[in-house]
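Keep the model in view as you read.

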Amino acid sequence: MAIRDRGKMKWQGAFFMPEHVKMLREIERDMRRMQKPLLDEYQIEEFERQVCEAMEFAQPVKLTVWRDGFTYEEIGRVHYLDPLQKEVRLKTELSTVSRIKFNDIIAVEIIE
């Protein structure tokens, strides 16, 4: 006769309340956060040049964006550069327009 044991499931509900589990997940997420990398003037100028070149020649571009301690990659074509708001409008493959603050961009790569 085999023992039919639920393992961890059996004990998890007895010791952890939902608020406690939520708090543990938030702590784990906070531990994975990273600080925004510091960019010098030359890197920022190079990003600007690459973004302008991608917009001029309608080339797809991959932007690495830092938000709230995590990095995300956005792929698409540069639709518009807004100098007043200091943001890049990126048209993605799904025909949606993403607004990305230029200060949040930490890497630019032109896809060929």
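This is a predicted model. Its largest pocket holds about 310 Å³ of space. Sixteen residues, written 16 in the count, line that pocket. Closest to its centre are Glu48, Lys86, Glu87, Phe102 and Asn103.

Which elements give two or more residues to the lining? They are α3 (41-56), β2 (70-82) and β3 (87-92). Helix α3 supplies the largest share, with five residues. By class, the lining has 10 nonpolar residues, five charged and one polar.

Take Met23 as the example. Met23 lies in helix α2, which spans residues 18-32. Is Met23 buried, partly exposed or exposed? Its relative accessible area is 42%. Buried means under 20%, and exposed means over 50%. Met23 falls in between, so it counts as partly exposed. A patch residue needs over 30% relative accessible area, and Met23, at 42%, therefore clears that cut-off.

Last, step back to the whole chain. The protein has three helices and five strands. What order do they follow from the N terminus on? The elements run α-α-α-β-β-β-β-β. How much of the protein is buried? Of its 112 residues, 25% count as buried.

Technical notes. Residues numbered from 1 in each chain as written. Predicted model: local features only at pLDDT ≥ 70, side-chain atom pairs only at ≥ 80, totals over all residues. Heavy atoms only, no water. 1 Å grid on protein atoms, 1.4 Å probe; cavity = no way out; pocket = protein on both sides within 12 Å on 5 of 7 lines; lining within 4 Å. Points joined across faces, edges and corners; volume = space filled by probe spheres on them. Helix = DSSP H or I, 4+ residues; strand = E, 2+ residues; numbered from the N terminus. Nonpolar A, V, L, I, M, F, W, Y, C, P; charged D, E, K, R; others polar. Buried < 20%, exposed > 50% of the residue type's maximum accessible area, 1.4 Å probe, protein only.
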